[in-house]
Amino acid sequence: MSGGVFTLVGRELALVWAERGGGAIALIFFVIVGSLFPFAVGPEPQVLLRIAPGIIWVSALLACLLSLERLFQPDAEDGTLEQLVVSGQSLESVAVAKMIAHWLTTALPLVILTPIMAAMLNAPVEVWGTLLLGLLLGTPALSAIGSVAAALTVGVRRGGVLISLLVLPLAVPTLIFGVGVSDPLAGASALKWLAATTLLALAVSPFAAAAGLRAAME
Amino acid sequence: MTASPPLSLRAEALVCRRGGRTVFTDVSLAVAPGAALLVTGPNGAGKSSLLKLLAGTLRPEAGVIERPERIAYLGHDNALKPVLTVAENLLFWAGLGAPSRREALARAEAAAAAVGIAPLWDVPARLLSSGQKRRTALARVLASNAALWLLDEPTVGLDAASVERLGPVFARHRAGGGMIVATSHTPLPLGDADVLELGGRA
């Protein structure tokens, strides 16, 4: 069965590569949202220094939402989902493959771009490490929660807005603990809580997403 | 230890309900290896729903279905990704069922040749005509190596020559012990297929 997941992830990556542009949009969005904050709160280094991890986390969270609407929708519309079921793939492994692909194509590029954002926002170099660690540990939860919301809204018109409404409240714990990792005093315990939150999301979401897809196929 | 999966298709007393509406009740059918079944009936009689039940993408409200392990299903949608070429589309699906990459390639090439889309091998699916897309989807069914083919209106968009070409394809599949269940509003080159008439209701 895991062979099937790898094949599915490979196909997702091939599709993103063939469609191009799709992944870059989230990156550009990430940078633009992040650079809005200095305009809004003022460019004082002391202020930015304090809120930079929060800005980066909020920007990453919003950027992750962008590609979710197209996560399952095309496959549901063009019959691919049905074909996967007929060819013996479980919807759970389809959901896992989509989460992995979403993380690799959307979240991972954001993490890689984070040092540039951190430099732009004058975040002290000492927090870069914890910031990256937090993002690496927390973004899989965003992909997992997002895939559940995407699966639940398959077949819903203007589902993208609904996805945001579903994901953002559920992502609050990840956001709190993710930003907390960069806190010099409470960082260690926030890291453990972040890991626990991500594990919980990863464990539950394949089954929740599969249930959503199953309902959509009726 | 579970019993080995059946080699033939059998369904008994199927009831299909979709969206709170009963589509059909008490449909039974049996298809032996090498046999074909043509499902007919007016629009809305439940032909496509029956095929989805047999394919396993819908669950019956009541009734039993025994089916072979490996099934290929051709629905109304062709499940082609427009940005991928014919080859990439076919190889993905062939690869899901084939033991090795080489075997998948051999199956996909043979299937493409059988339905006459081999010359379009490297063409992105978005550039295909609707008939060519349908033939690519049929090639996917061929390349699956499944014993049971469930074909929902396989000839939609096909020209006369392409329909004729399906005759030997169907015959070869059945000669090898394969089974076909098809729906169609136009004549299919299925030879001596059994016919299951679904009653229409408004």
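This is a predicted model: local features need pLDDT of at least 70, side-chain atom pairs count only at pLDDT 80 or more; totals for chains, interfaces and linings use all residues.
**View 1. Helices α2 and α3 of chain B, packed against each other.** On the α2(B) side, look for V86(B), A87(B), L90(B), L91(B), A94(B) and G95(B). They meet a set of α3(B) residues that includes R101(B), A104(B), L105(B), R107(B) and A108(B), with A111(B) and A112(B) also taking part. Sorted by class, this contact has ten nonpolar residues, one polar and two charged.

**View 2. Where chain B touches chain A.** Chain B puts 19 residues into the contact and chain A puts in 16. On the chain B side, the elements giving two or more residues are β5 (71-74) and α2 (86-97). Of these, α2(B) gives the most, with six residues. So what classes make up the side of chain B that touches chain A? Here we have ten nonpolar residues, six polar and three charged.

**View 3. Helices α3 and α9 of chain A, crossing.** This one pairs α3(A), residues 45-66, with α9(A), residues 172-180. Their axes come within 9 Å and cross at roughly 145 degrees, and the crossing is right-handed. From α3(A), the residues making the contact are P53(A), G54(A), W57(A) and L61(A); from α9(A), they are L175(A), G178(A) and V179(A). By class, that comes to five nonpolar and two polar residues, with no charged ones.

**View 4. Helix α7 of chain A and its kink.** How far apart are the end C-alpha atoms of α7(A)? They sit 40 Å apart, which agrees with the 40 Å that its 28 residues (125-152) should span at 1.5 Å a residue. Zoom in on G138(A) and you'll find a kink of about 30 degrees.

Notes. Residues are numbered from 1 along each chain as its sequence is written. Chains are lettered from A and ligands numbered from 1 in the order in which they are written. Helices (H or I, at least four residues) and strands (E, at least two) are DSSP runs, numbered from the N terminus. The expected span of a helix is 1.5 Å times one less than its number of residues. The bend at a residue is the angle between axes fitted to the seven residues ending there and the seven starting there. Two residues are in contact if their C-beta atoms, placed from the backbone, lie within 7 Å. Ala, Val, Leu, Ile, Met, Phe, Trp, Tyr, Cys and Pro count as nonpolar, Asp, Glu, Lys and Arg as charged, and the others, Gly among them, as polar. Axes are lines fitted to C-alpha atoms, for helices over the stretch in contact, and angles run from 0 to 180 degrees between N-to-C directions. A crossing is left-handed if the near helix is turned anticlockwise from the far one by less than a right angle, and right-handed if clockwise.
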